[in-house]
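Welcome! Here is a friendly first tour for anyone meeting this structure for the first time. Take a look at the sequence and the model before reading on.

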Amino acid sequence: MIDLFLDILGTTGKKFINFVVNIGHFFIFFGNAIYWVFKPPWYFKKIFQQILDIGYFSLPVVGLTTFFSGMVLALQTYNGFTDFNSESTVARIVLTSITRELGPVLTGLMVAGRIGAKMAAEIATMRVTEQIDALGTLGTRPMQYLIAPKIIASLVCIPLLVLIGNTIGILGGYVIAIYKIGFNASLYLNATMEYLQLIDIIQGTVKAGVFGLIISMVSCYFGYNASKGAEGVGFATTSSVVVSSVMILTSTYIITALFFG
Amino acid sequence: MEKKNNKKVIIKVSNLSKSFNNNIVLKNINFQLLEGESLAIIGASGSGKSVLLKNIIGILQPDKGSIIINDKEMVNLPRSLKEKLLLDLGITFQHGALFDSLKNWENIIFKTANKDKTNNRQGKQLAFSIIKQLGLQPEILDLYPSEISGGMQKRVAIARAICGNPKILLFDEPTSGLDPVTGSLIDQLIKKAVRTVGGSAITITHDMASVCRIADKVILIDKQTISWTGTPKEMFVSSNTKIQEFIKPINSEIFFK
């Protein structure tokens with residue numbers, strides 16, 4: 001009985017120590033990556049490729065997600081508030097929910113799934129096929145060549161994607177409000193503009209920047225430290241998406257609390 | 001610079017040991033690579049040959065021992081100086097390690113392009129001049145590594161290693177997976193690189209025919225340590241049982257006649 005207890009205690013302790021070690025490794029990686037973001041020379045071609053990949057090619061999925069979310073939000077809000085004769089609040093609720101929360105979070109989750117997984121898989125494959133080792137022997141620093149462009153591109157693109165996603169989401173709400181519910185278009189637009197506040201846009205953009213950092217850092221970290229061949233690539237990919245998503249949902253609460261808490 | 005028999009010592013490995021999780025892979029490895037010398041390292045699969053190479057180029061850190069390249073101690077050398085030192089080396093990895101996202105010509109000139117900022121036309125020309133020697137067609141230059149065969153990938157990796165005429169060449173199984181004709185071509189190229197550029201080479205290989213063609217000196221790694229050193233000719237008169245196992249499958253007459 002005591003042996004079993006000691007076994008469980010030992011295994012738990014080992015896992016806890018591993019967890020703490022990994023957290024430490026992550027922060028060392030984080031600091032190192034930030035250093036290389038600011039250290040010239042910058043690989044502009046790689047940064048541009050990443051901007052295309054993260055920004056331009058994520059537009060359809062971000063656009064569709066936020067458009068339908070705006071539509072659902074308008075419909076649900078109207079159904080919920082119609083009993084209280086509060087149809088006019090639809091514009092305000094769609095606007096606030098999209099700009100403060102749904103726009104950044106949905107964009108973050110979509111990009112984590114699409115780009116985070118891709119980053120982790122790409123870097124992990126390079127790790128297990130010795131391409132990262134080869135880079136180091138060819139006068140190129142892997143952190144500067146591989147990781148820094150991804151972080152820079154994420155920090156540039158995700159806030160822009162969020163701004164575009166917010167606009168499309170509000171448009172989704174407008175389409176439902178006008179063409180399905182039958183609101184007056186100019187009244188709805190006026191209500192939207194009236195409730196549009198700079199603080200909401202700032203908050204959404206701050207969240208987007210933090211999410212960009214989370215997605216790129218977590219994905220690159222898992223990819224860069226991959227091992228054990230194909231299994232390691234799979235593990236890095238899954239872990240990057242799961243950890244990024246959890247961190248996005250955690251950090252959105254923290255940022256909201258900081259802004260409005 | 002340290003000299004031996006009036007030749008410069010290019011790489012000197014002393015008392016190198018390496019283990020992974022208490023599993024000892026290399027123990028007290030000592031050898032020297034002289035200027036203009038071609039050294040072959042042989043040994044059974046899993047004997048630690050690639051681990052030795054990775055220690056030399058700084059990808060792995062030895063548990064103890066010293067690695068001196070061109071009079072500079074590699075172990076604990078600051079990263080920036082280590083990277084500078086590595087620029088003088090041409091290295092091929094066991095599985096090629098070509099960059100998937102770059103075209104073959106971009107792979108070949110990667111180091112030179114970073115150093116000299118060559119434009120696309122110059123880069124392609126340089127890559128073409130190298131692949132010609134390796135029996136590759138110019139059409140492969142604009143393809144990605146995944147679009148060519150494994151043997152071709154191996155040759156592109158060798159082209160990347162010899163691009164810029166580095167004075168020290170390190171090859172990890174350069175002829176494995178190649179047909180005998182291409183393998184012989186690669187051997188000639190390694191020999192040529194050592195003779196004409198005045199370079200030095202370390203080649204890890206299982207291919208004993210290749211050893212006979214390219215090596216001035218052979219090292220056998222067995223049971224974590226160097227168990228035999230000699231010339232290719234001496235292999236055939238050696239009483240070392242492991243060496244005998246290695247040369248049994250080949251007919252020495254073919255290579256030394």
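**Chain A as a whole**

Please keep in mind that this is a predicted model. For chain A the mean pLDDT is 92, with 98% of the residues reaching 70 or more. Confidence in chain A is highest in helix α6 (residues 142–181), at a mean of 95, and lowest in helix α7 (residues 185–195), at 90.

Chain A has 9 helices and 0 strands, so its pattern along the sequence reads α-α-α-α-α-α-α-α-α. Its C-alpha trace spans about 65 × 60 × 30 Å along the principal axes. Of the 261 residues in chain A, 43% are buried. Among the contacts in chain A with a separation of 6 or more, 88% join residues 24 or more positions apart.

**Two packed helices**

How do α8(A) and α9(A) pack? Helix α8 (residues 198–224) of chain A and helix α9 (residues 229–260) of chain A meet at an angle of about 155°, and their axes are 9 Å apart. Angles over 145 degrees count as roughly antiparallel, and α8(A) and α9(A) are therefore roughly antiparallel to each other. The crossing of α8(A) past α9(A) is right-handed.

On the α8(A) side they include V206(A), V210(A), F211(A), I214(A) and F222(A). On the α9(A) side they include A236(A), V243(A), M247(A), I248(A) and F259(A). By class, the contact of α8(A) with α9(A) has 13 nonpolar, 8 polar and 1 charged residues.

| Contact | Nonpolar | Polar | Charged |
|---|---|---|---|
| α8(A) with α9(A) | 13 residues | 8 residues | 1 residue |

**A residue in chain B**

Is I109(B) buried or exposed? With 26 C-beta neighbours inside 10 Å, I109(B) counts as buried, because 20 or more are needed for that label. I109(B) sits in the loop between α3 (104–108) and α4 (110–116) of chain B. Apart from its neighbours within four places in sequence, I109(B) is in contact with T118(B), G123(B), L126(B), A127(B) and C163(B). The C-alpha atoms of I109(B) and K12(B) are 29 Å apart, and these residues are separated by 97 residues along the chain.

How values were computed:
Residues numbered from 1 in each chain as written. Chains lettered and ligands numbered in written order. Predicted model: local features only at pLDDT ≥ 70, side-chain atom pairs only at ≥ 80, totals over all residues. Axes fitted to C-alpha atoms, helices over the stretch in contact; angles between N-to-C directions. Helix = DSSP H or I, 4+ residues; strand = E, 2+ residues; numbered from the N terminus. Parallel < 35°, antiparallel > 145°, perpendicular 65-115°, else oblique. Left-handed = near helix turned anticlockwise from the far one by under 90°. Contact = placed C-beta atoms within 7 Å. Nonpolar A, V, L, I, M, F, W, Y, C, P; charged D, E, K, R; others polar. Buried ≥ 20, exposed ≤ 12 C-beta atoms within 10 Å, placed from the backbone. pLDDT = per-residue confidence, 0-100.
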